[in-house]
Structure formats: structure tokens, C-alpha cells
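Keep the 3D view open while you read.

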Amino acid sequence: MTTPSDVDVVLPCLNEAEALPWVLERIPPGWRALVVDNGSTDGSADVARALGATVVTEPRRGFGAACHAGLTAATADVVCFCDCDASLDPALLVPFVREVRDGAADLVLGRRRPQGRGAWPPHARAGNLALARMLRRRTGLRLHDLGPLRAARREPLLALGLSDRRSGYPLQMVVRAADAGWRIAEHDVPYLPRSGASKVTGTWRGTWQAVRDMSRVLAEMPNQQGGTVR
């Protein structure tokens, strides 16, 4: 069993007022939702507060900037990450957290499995596949997805020294964890059609920019030690 101080869920947010009720309703009981407002103009922060979430303000635009602001604001032993667009159910994080707490893995990732038409546009899926292959060459990890649903312990995450503040942040987390010898697990999760338009991979241009950001991360010099996939 977990207590309120055990788990914080970081939810990077840019104009997700419509999706927030669905997402926050599914935060497991006793966990804390950290909604990181990244410059919303639709009242997302007010909606989040009204629904009981803790709101963190990050004026610097960028997915990585929002995620890292949430990580640095977190105080729980285990920190989770989840998109705030209703494409992923944060309740799916319960077994992820259990695996981290039991010591079976250091970082647990969700492999997105699209549910229904439009859940994962072809260009976004193609970009993800290309990055997964590049990650495999860079680290040896046989991962299939670089999705946003994930869990790990807070202090080791901070010790990774993550520096990317754009869309390369999730990949940098995996690369540096692998270089540090972390045990990394990947599990299938249902991926639903998101609410509203994607801020990162909703267009070919956005996907290309994300691939460019992540390619720079893959160019980092590896350490001697490598991670393992469970």
C-alpha cells in the first residue's frame, strides 16, 4: 500500500482544460497530481486547482521544461509522468509504481498500444519507431516506445542531471538511465485518441522537430555502463 507522500504524478499541461477532469479523476487515491501549467490560455490551471491538483507554473515553453519543473517540485519517493490530454489513463501507473517499489525495475515505461482510429497518427508512429531503432543502436536497449507514461524514484531521476527542455526530455531520461546501468521495464498500455490537437507530434513538422530534438540527445557520449530491459 502507498501513502500520500509515496507518489507524485507529473502532468505537463498546455491548454488541456477539456481533458483535465477525465485525467485527474483517474489519479489513484492518495497520490498527488502535479499539473505543470506551461503557458495555458484556456484556464487549465484554474480547472486543475478546482479539482484538487497542485499547480506548478513553468513559463518557459517546452515539454521537457514542464516535465522537469514537475520533477523538481515533487517530494514523493516515486515520481510518475503522464500526458494530460486524456490519451493515457494515469491509473495504469499503479503496477509501474509497485514494480519500482519492489525493486524489480528502476524505470518503468508504457508501450503505447493504439485503441481506435486516430489514436496515433502514422507520422507520429513512424517517428517513434525511428527513434526506438536509434535508441537501440545507441544503448542496446530493445525498447519499442518512448512514451510519456513512466515511473521511477525521484532522487535517482534528479541525479541523472537531465538537461533537455524540449521534446528530447523523455528520450534523454532513458538514455542516461541506460548509461547509468538502470534496469528498465516496458509494458503495454492502451493509447486513446487524445483530447484536442497535439502540441508535439500533431503534424509532420512537429514530429520532425521532435525527432531532431531527440537525435541531439542520442549524440551524447555514452558512459561505460549500460542498462537492461526486463
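How many salt bridges does the count come to? It comes to 9 by the rule used here. Keep in mind that this is a predicted model. As background, side chains of opposite charge can pair up when their charged atoms come close. Let's look at some of these pairs, and then at a threonine.

**A pair inside one helix**
- Asp-46 and Arg-49 make a salt bridge, and their closest N and O atoms are 3.4 Å apart.
- Both sit in helix H2 (residues 44-50), and because they are 3 residues apart there, about one helical turn separates them.
- Asp-46 counts as exposed, because its relative accessibility is 55%.
- Arg-49 has a relative accessibility of 46%, so this residue counts as partly exposed.

**A pair between a loop and a strand**
- Asp-106 forms a salt bridge with Arg-183, with 3.0 Å between the closest N and O atoms.
- This one links distant parts of the chain: the two residues are 77 residues apart. Asp-106 is in the loop between helix H4 (93-101) and strand S5 (107-114), while Arg-183 belongs to strand S7 (residues 183-191).
- Is Asp-106 buried or partly exposed? With a relative accessible area of 25%, Asp-106 is partly exposed.
- Arg-183 counts as partly exposed too, at 29% relative accessibility.

- Asp-179 pairs with Arg-138 in a salt bridge, and the closest N and O atoms are 3.0 Å apart.
- Asp-179 is buried, since its relative accessible area is 7%, and the cut-off for buried is under 20%.
- Arg-138 counts as buried as well, with 15% relative accessibility.

**Thr-139, at the end of helix H5**
- Where do you find Thr-139? Look in helix H5, which covers residues 122-139.
- Thr-139 has a relative accessibility of 17%, so this residue counts as buried.
- The Thr-139 side chain reaches the backbone nitrogen of Leu-141, at 3.1 Å.
- Which residues does Thr-139 contact if you leave aside its neighbours within four places in sequence? Those are Val-175 and Ala-178.

How values were computed:
Residues numbered from 1 in each chain as written. Predicted model: local features only at pLDDT ≥ 70, side-chain atom pairs only at ≥ 80, totals over all residues. Heavy atoms only, no water. Helix = DSSP H or I, 4+ residues; strand = E, 2+ residues; numbered from the N terminus. Buried < 20%, exposed > 50% of the residue type's maximum accessible area, 1.4 Å probe, protein only. Polar contact = N/O pair within 3.5 Å; in protein donor to acceptor, adjacent residues only side chain to side chain. Contact = heavy atoms within 4.5 Å. Salt bridge = Lys/Arg side-chain N within 4 Å of Asp/Glu carboxyl O.
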